[in-house]
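Thank you for making time this morning. I would like to walk through one model, so please have the viewer open while I speak.

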Amino acid sequence: MSDHKIPGSEALIRSLIAEGVDTVFGYPGGSIINVYDRLYDYQDRLRHILTRHEQGAIHAAQGFARATGRTGVVFATSGPGATNLVTGIGDALMDSTPLVVITGQVASSVLGTDAFQEIDMVDIANPITKWALQVRRAADIPSAVARAFFIANSGRPGPVLLDIAKDAQQGLMEWSHEKCDYIRTYCDRPALDYHALSQAAGIINSAVRPLILSGHGVMISGAEPQLRELAEKAEIPVASTLLGLSTLPSSHPLFRGMLGMHGNIAPNVSTNRADVIIAIGMRFDDRVTGRLDGYAPHARIIHIDIDASEFNKNVPVHCTIHGDAREVLTALLPLVHPARHPEWLASFDRLDAIEKTEVIDRQTHPASGPILMGEVVDQVSTATSDDAILVTDVGQNQMLAARYFRFSSPRSIITSGGLGTMGFSLPAAIGAKIGCPGRQVCAFAGDGGIQMTVQELGTIMAYDIPVKIIVLNNSFLGNVRQWQELFFNARYSQTPMTNPDFVTLASAYGIPGEHITDRADLPEAITRMVKSPTAYLLEVDIHKTDNIFPMMPLGAAVDELMLNATDRLDLSSL
Amino acid sequence: MQERKLFTVTIFSENTVGILNLIAIVYTRRCINIESISASACSIPGVHKVTVTSWSDRPSMIKVVNAIEKIIYVVKAFLYTDDEIVYQEIALYKVPTVRLVDEPELEKIIRRHNARILEITHDYTVLEKTGHNDETEALFEELKAYDITQFVRSGRVCITKDPVEHVTNYLAERDRLRSIQLSGDPSHSPHPFFSEETKENTNL
Ligand SMILES: Cc1ncc(C[n+]2csc(CCOP(=O)(O)OP(=O)(O)O)c2C)c(N)n1
């Protein structure tokens, strides 16, 4: 080896470091062994977290990216290593999460021959990545890495795949790294359209019943201060999507709750009463809009998004502003006149009061009966001073955690929104804690979802990662069971679960925990968990057949809500 | 119900191997059948033009075009109906030479359709006709009576009637802004997406 030439595998490591990477989540194998070999010499600069499954690695990288805003990096070998990443790649695309996923690939000379562990990963990844590239020459590695980081974490962030052939890892090259901030065919920062801005300001200034819908884009662009300023200046109530939670503190008087199927009553119903809707960094997902022909009939809608393909995709809008949410709001703010909307806000209070008595109090402070998910979430939120990072799995636990956890700082919710991936929470919490070691990280999971990636308890053990795991055990695949109860005559087909003792399972990994079956024991158990300096698993036996309400059933409009299994919300007097 | 029509989408992109696949994914995912597709270099150096036709409705096609524009390599994509473009296809036909010799009517058909003879051998004759789909189809219908053995039609190519060259202008503007950003010198030209060497060796 000549002095200044290094193998592509080492060039990859150096380029990652040059891009500011200090943590990688991954799992080795034959087609990426060269990279792991070089990594051995760089461990002081590049920390590698060996998860117990590639899916765990990629969800951890997602958790890391979402907690920090930095690009998550994943290593996996070719074939099964790569295909084990698919769920996470798809999840990251749906939830706009910046990832650079690096997979090994067989040598380019044997590509297309069904070589051992060869899989056409680029074509598998094409529909679920922002960009996917196969690298076949060592010399291309630095520029491929530079482009990957630029693409992953600019514009609307997303996952990028680099599939690096074995010979590219082995080939020698002279390394130098230049960051990329320009690709002529890719516009990461659209120029502001001042005509659209003034049109939007005109609409906002004439609004009587304005409503802001705050989405994940607000968080991604760091537009929380501008969101708050806009809301306060024109006294506009803010509703958030699931992924937009924590863009405005839960305690802020203008924060009026979550949208969607299991969101709060006031923001859902008020969507159909608003005369102006300002949608920021959100994509009118079907779980948010319900039946489209019954959505926001009275509103002129302003849609602010960095991704122009979201405009008019599901909901026709009146004014589109293409751009980064923070830039757009900063430019919009001076054009918006101060305003007050006391009557409009009072209408939210009336709806909130109904939700409180009909739904919330029953869920968070039940007088008797088995423990409910809502009260556990509520108590954990209080015990962590409403300032933890909430990571959820998917199912009832997700919706109830999102409903009853409270947030005081941004980037405090990490949940699989678009894809709804069970098994997301445990590895994502690991990544979030590694990214934000100073913050408390609480993962809520159902007894079903936790078992989809439960092997990651091994990662927690190996790296001593102090995450708090709350298993809400209802001995059912609860969310599916709820639908079976409500819409399929309670025929519980394949939803009852026979479960292990989760606390014993955790103890096998050296993780302390306790199993709560009695409401009276809950508060102290939560205190012990929160105070514990180590990871902790709290298993709570939950009412087996409790349901999440309110609910906007499939096919219903945002103001056609079920309050419980039998009653619909009656809006005639409201 | 939205009106279904034949739409033409033209896509300007970097010349990369994977691009057709990326474009096709956008159509297949939405269950839109591609009627014809053609790809070749265009007048802008380094830029390829792909022309795709499909039957669909306008709202669906707008979403298709938006999704195609999201592909990193794509410069721009445009949606047209037939009245907005000048378009053409080419068709080839193979007929047994004996029929041509035996039947004077066949010669008249060839003349009437403005077709050309590309090759004559003892066994077969190859005809060529350019035109719109219905025109090349019409010749095919007539040749059926003469034992036509092969018929093939290319994808559509088209040129816009719009006097503005959007892509050229867009790229020039992108490059100009970038040059100013980099050096303050508008004559400085930034690097193309891939070096020629990389392009050859990398399966994009
Ligand atoms: C990987 C995956 N498989 C299946 C589903 C469908 N699904 C959605 S919610 C749910 C039930 C979840 O049960 P559990 O994890 O026990 O949580 P609970 O709803 O009881 O809180 C299922 C099976 C999914 N979202 N993800």
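Predicted model: local features only at pLDDT ≥ 70, side-chain atom pairs only at ≥ 80, totals over all residues.

Let me begin with B:E137, which at 26% relative accessibility counts as partly exposed, where buried means under 20% relative accessible area, exposed over 50%, and partly exposed in between, with a 1.4 Å probe and protein chains only. Residues are numbered from 1 along each chain as its sequence is written, chains are lettered from A and ligands numbered from 1 in the order in which they are written, and side-chain values use heavy atoms, leaving out hydrogens and water.

Which residue does B:E137 form a salt bridge with? The partner is B:R153, and the closest N and O atoms are 3.0 Å apart; a salt bridge here is a side-chain nitrogen of Lys or Arg within 4 Å of a carboxyl oxygen of Asp or Glu. This pair links distant parts of the chain, since B:E137 is in helix 5 (residues 133-143) of chain B and B:R153 in strand 8 (residues 150-153) of chain B, 16 residues apart; helices (H or I, at least four residues) and strands (E, at least two) are DSSP runs, numbered from the N terminus. B:R153 is partly exposed as well, with a relative accessible area of 29%.

A second salt bridge, between B:R111 and B:E107, has an N to O distance of 3.1 Å, and these residues are four apart in helix 4 (residues 104-112) of chain B, so about one helical turn separates them. B:R111 counts as exposed at 62% relative accessibility, whereas B:E107 is partly exposed at 44%.

Over all chains, the count comes to 41 salt bridges.

Turning to chain A, helix 7 (residues 141-152) has twelve residues, and eleven of the twelve are buried, among them A:I141, A:R147 and A:F150.

Key:
Expected span 1.5 Å × (residues − 1).
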